[in-house]
Amino acid sequence: MKPWPYPRWIAHRGAGRLAPENTMAAFRLGAQHGYRMFECDAKLSADGVAFLLHDATLERTTNGAGVAGEQPWRELARLDAGSWHSRAYAGEPLPTLENLMRFCRAGGFFLDLEIKPTPGVERHTGEVVAREAARCFADAAVPPFLTSFRPQALAGAQAAAPHLPRGLLLDTLWNGWFDVARQLDCAAIVCNHALWDEATVAQVHGAGIRCLSYTVNDEWAAARLTALGTDGIVTDRVDLFSPAD
């Protein structure tokens with residue numbers, strides 16, 4: 001397999017659950033816990049601005065409502081993305097992807113960038129996110145790692161910036177997943193951690209592809225994945241797991 005330049009431990013959505021997910025406050029807190037690599041979710045506003053949000057809709061993590069991708073950035077930028085978590089983060093805004101990438105470049109952090117498209121614009125979202133990532137990290141020693149559950153989004157990223165490494169996210173081992181990953185020239189498979197077993201790890205490693213896991217919040221699960229020889233772990237528990245392990 002090609003050398004894998006990324007840390008083993010990856011902070012999920014910034015700092016897991018300790019701060020409002022996918023906000024700059026969360027990434028700063030993750031950094032304070034010693035993490036050097038962050039996972040985030042990126043999608044497009046109605047006018048094409050790449051920004052951070054996990055859900056298709058706004059209700060769970062902001063004071064907004066409706067489908068996020070159907071709203072212009074000028075409206076999304078006004079939302080409170082922190083009060084749902086706690087008073088300490090009241091008024092925390094949704095960040096643009098560019099804001100996070102600048103933070104990572106300035107601090108020397110690594111980025112696991114999940115392309116989380118609004119349904120219907122999968123390929124276009126992959127293209128835009130990949131182009132922005134390639135531009136911002138043009139002279140970086142280690143590029144961002146682009147992932148998605150949506151093969152169409154990864155195909156868009158592959159077309160727009162083929163040099164950026166890609167990973168196929170899986171919540172089930174659906175029929176044809178392995179062939180799709182190879183067709184997309186994926187550098188990694190990122191599975192729900194319960195899906196990995198000795199045979200699947202051997203199959204993926206045998207193709208020269210890395211094995212990563214989400215979202216691992218228990219010591220027993222981390223120990224099992226280590227014993228299986230997997231390559232990376234995404235966690236909410238930045239307060240439990242040392243990124244130096």
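Trainee: Why does Arg13 count as buried?
Mentor: Its relative accessibility is 14%. Buried means under 20%, so Arg13 qualifies. Keep in mind that this is a predicted model.

Trainee: Where is Arg13 found, and what marks its phi?
Mentor: Arg13 is in the loop between β1 (9–11) and α1 (24–32). Phi of Arg13 is near 55°, a positive value in a residue other than glycine.

Trainee: Asp185 also has a positive phi, of about 55°. Is Asp185 buried or exposed?
Mentor: Exposed. The cut-off for that word is over 50%. Asp185 has a relative accessible area of 54%, so it passes. Asp185 is not a glycine either, and it lies in the loop between α6 (177–183) and β7 (188–192).

Trainee: Why is Ala140 called partly exposed?
Mentor: Set its value against both limits. The relative accessible area of Ala140 is 24%. Buried needs under 20% and exposed needs over 50%. Ala140 falls in between, so it is partly exposed.

Trainee: Where does Ala140 lie, and how far is it from Arg105?
Mentor: Ala140 is in the loop between α4 and β5 (145–148). In sequence, Ala140 and Arg105 are 35 residues apart. In space, their C-alpha atoms are 7.9 Å apart.

Trainee: What makes Arg105 a charge over the ring of Phe137?
Mentor: The charged end of Arg105 is 5.5 Å from the centre of that ring. The distance limit is within 6 Å. An angle test applies as well, within 35 degrees of the ring normal. The charged end of Arg105 is listed as sitting over the ring.

Trainee: Why is the pair Phe103 and Phe109 called stacked?
Mentor: Two checks. The ring centres are 5.1 Å apart, and a pair needs centres within 6.5 Å. The planes are at 25°, and stacked means under 30 degrees. Both hold, so the pair is stacked. Phe109 also counts as buried, at 12% relative accessibility.

Trainee: What makes the pair of Trp177 and Phe178 edge-to-face?
Mentor: The angle between their planes is 70°, and edge-to-face means over 60. Their centres are 5.5 Å apart. Trp177 and Phe178 are both buried.

Trainee: How many aromatic pairs does the structure hold, and which residues form a cluster?
Mentor: It holds 12 aromatic pairs. Trp4, Tyr6, Phe110 and Phe145 form one aromatic cluster.

Trainee: Which residues have the most contacts inside the largest nonpolar core?
Mentor: Leu100, Leu113, Ile189 and Trp196, in a core of 63 residues. Helix α4 (residues 122–136) gives the largest share, six residues. Another core lies apart from it, with 11 residues, among them Trp4 and Phe145.

Trainee: What does Ile189 touch?
Mentor: Leaving out residues up to four places away in sequence, its partners include Leu168, Trp177, Trp196 and Leu212.

Trainee: Which residues of helix α5 are buried, and what covers them?
Mentor: In α5 (residues 151–160), Ala153, Leu154, Ala155, Gly156 and Ala157 are buried. The cover includes β4 (110–115), α4, β5 and β6 (166–170).

Trainee: How do you know that the chain agrees with a compact globule?
Mentor: Compare the radius of gyration with the rule. A compact globule of 245 residues would be near 18 Å. The chain has 17 Å, which agrees. Of its residues, 54% count as buried. The chain has eight helices and nine strands.

Methods
Residues numbered from 1 in each chain as written. Predicted model: local features only at pLDDT ≥ 70, side-chain atom pairs only at ≥ 80, totals over all residues. Heavy atoms only, no water. Core = buried A, V, L, I, M, F, W, Y, C linked by side-chain atoms within 4.5 Å. Buried < 20%, exposed > 50% of the residue type's maximum accessible area, 1.4 Å probe, protein only. Helix = DSSP H or I, 4+ residues; strand = E, 2+ residues; numbered from the N terminus. Contact = heavy atoms within 4.5 Å. Phe/Tyr/Trp six-rings, centres within 6.5 Å; stacked < 30°, edge-to-face > 60°. Rg over C-alpha atoms; globule rule 2.2 N^0.38 Å.
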